[in-house]
Amino acid sequence: DNPATHFNLKTHMNSRDLKAAIEKITQRGGLSNAGRAISFVTKNFFSKVNGNRGGAPNVAVVIVDGWPTDKVEEASRLARESGINIFFITIEGAVENEKQYVVEPNFANKAVCRTNGFYSLNVQSWFSLHKTVQPLVKRVCDTERLACSKTCFNSADIGFVIDGSSSVGTGNFRTVLQFVANLSKEFEISETDTRIGAVQYTYEQRLEFGFDDYSTKPDILNAIKRVGYWSGGTSTGAAISYALEQLFKKSKPNKRKLMILITDGRSYDDVRIPAMVAHHQGVITYAIGVAWAAQDELEVIATHPAKDHSFFVDEFENLYKSVPKVIQNICTEFNSQPRN
């Protein structure tokens, strides 16, 4: 009915002790509340304090007899978003008196990272369970295919396109940089995780730093802090084209490409065609408008649906309020896509 820990990731440091601990586990009886168990594992198991290692993929193997007696879909979604790769082993089907408990017929597909059969194994009887050991070990060790290890925080190349026009002013420009830093802080930054780049624009454009320049969070945050305010006009269309050329051409093929553009006014040039090119090239574009930014223009720049990719705040001081919304949209979008 209720999950409980027998031992955690750091309790046993050699196979002999581990084997002895496994043999001491006694059956508790009760229902097959797999959803509750998955929630428990997500909250308690994969934390540093319980022995989780940052560099190692997280894997949960769920063994269920017949059918779970509660829902697994929501618990599994949270587990996947936390980067936990769930493998489901189902033994035998539901016997007659269990069928009244069946709440989610297609539970295995709702729980796993991909529905391609890689993550779920169906075993006809308990006597043949031993035959799944080798296939399962092989899959767990195939780290390239552990799709849930990729989360929305470690799978992107994010290019910030920052309006440095005269109307922004020095003080507000610092507030914009703080907003860029606050967004960047949320991601796992390294050469293999999320990478950050930035362009500043007025009439002209300047590459502040590219995706390859910095590969740690402290270095990125320092680089953002060092960006100097330029001042000038507002050519947002040219800035989008420049970012595609100077930043996103160097994006890695397996990364999502996210452009986050921040502007405080209407552009002097056309944004329509550069925005179309960005969308066509698979760059997911977020348009953040402040003060005098034109709502219609933000919607043209933003990836469809515009309501999920364009944000407007009336003054610079309120920029920070849109950080959680932007992050939430980035993650919701990521989790709705098939993983590579």
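Trainee: Which residues is Ile 162 in contact with, leaving aside its neighbours within four places in sequence?

Mentor: Contact here means heavy atoms within 4.5 Å. By that rule, the partners of Ile 162 are Phe 173, Val 176, Leu 177, Val 180, Ala 198, Val 199, Gln 200, Tyr 201 and Ile 262. Please keep in mind that this is a predicted model, where local features need pLDDT of at least 70 and side-chain atom pairs count only at pLDDT 80 or more, while totals for chains, interfaces and linings use all residues. Residues are numbered from 1 along each chain as its sequence is written, and side-chain values use heavy atoms, with hydrogens and water left out.

Trainee: What makes a group of residues a nonpolar core?

Mentor: The members must be buried Ala, Val, Leu, Ile, Met, Phe, Trp, Tyr or Cys residues, joined through side-chain atoms within 4.5 Å. Buried means under 20% relative accessible area, exposed means over 50%, and partly exposed is in between (1.4 Å probe, protein chains only). The largest such core has 36 residues, and Phe 160, Ile 162 and Ile 262 have the most contacts inside it. Among the elements that each supply at least two of its residues are strand 4 (156-163), helix 6 (170-185) and strand 7 (256-263). Helix 6 gives the largest share, 7 residues. Another core, of 29 residues, lies apart from this one and includes Ile 38, Phe 45, Val 112 and Leu 121.

Trainee: Why do strand 6 and strand 9 count as edges of their sheet?

Mentor: Let's start with the terms. Strands (E, at least two residues) and helices (H or I, at least four) are DSSP runs, numbered from the N terminus, and two strands pair if DSSP finds at least two bridges between them. This open sheet of 6 strands has the order 6-5-4-7-8-9, with mixed pairing. Strand 6 (205-209) and strand 9 (310-313) each have a single partner strand, so one side of each is left without a neighbour in the sheet.

Trainee: How do you know that strand 5 and strand 6 pair?

Mentor: The rule asks for at least two bridges, and 4 bridges join strand 5 (residues 195-201) to strand 6, so the pair qualifies. The two run antiparallel, and Gln 200 of this structure stands opposite Arg 206 in strand 6.

Trainee: Is Asp 296 buried, partly exposed or exposed?

Mentor: Its relative accessibility is 44%, so Asp 296 counts as partly exposed. Arg 266, at 47%, is partly exposed too.

Trainee: How many salt bridges does the structure hold?

Mentor: The structure holds 11. One of them joins Asp 308 to Lys 307, with closest N and O atoms 3.5 Å apart. Lys 307 has a relative accessible area of 67% and is therefore exposed, whereas Asp 308, at 28%, is partly exposed. There is also a network of salt bridges linking Asp 157, Arg 195 and Asp 212.

Definitions and conventions: Salt bridge = Lys/Arg side-chain N within 4 Å of Asp/Glu carboxyl O.
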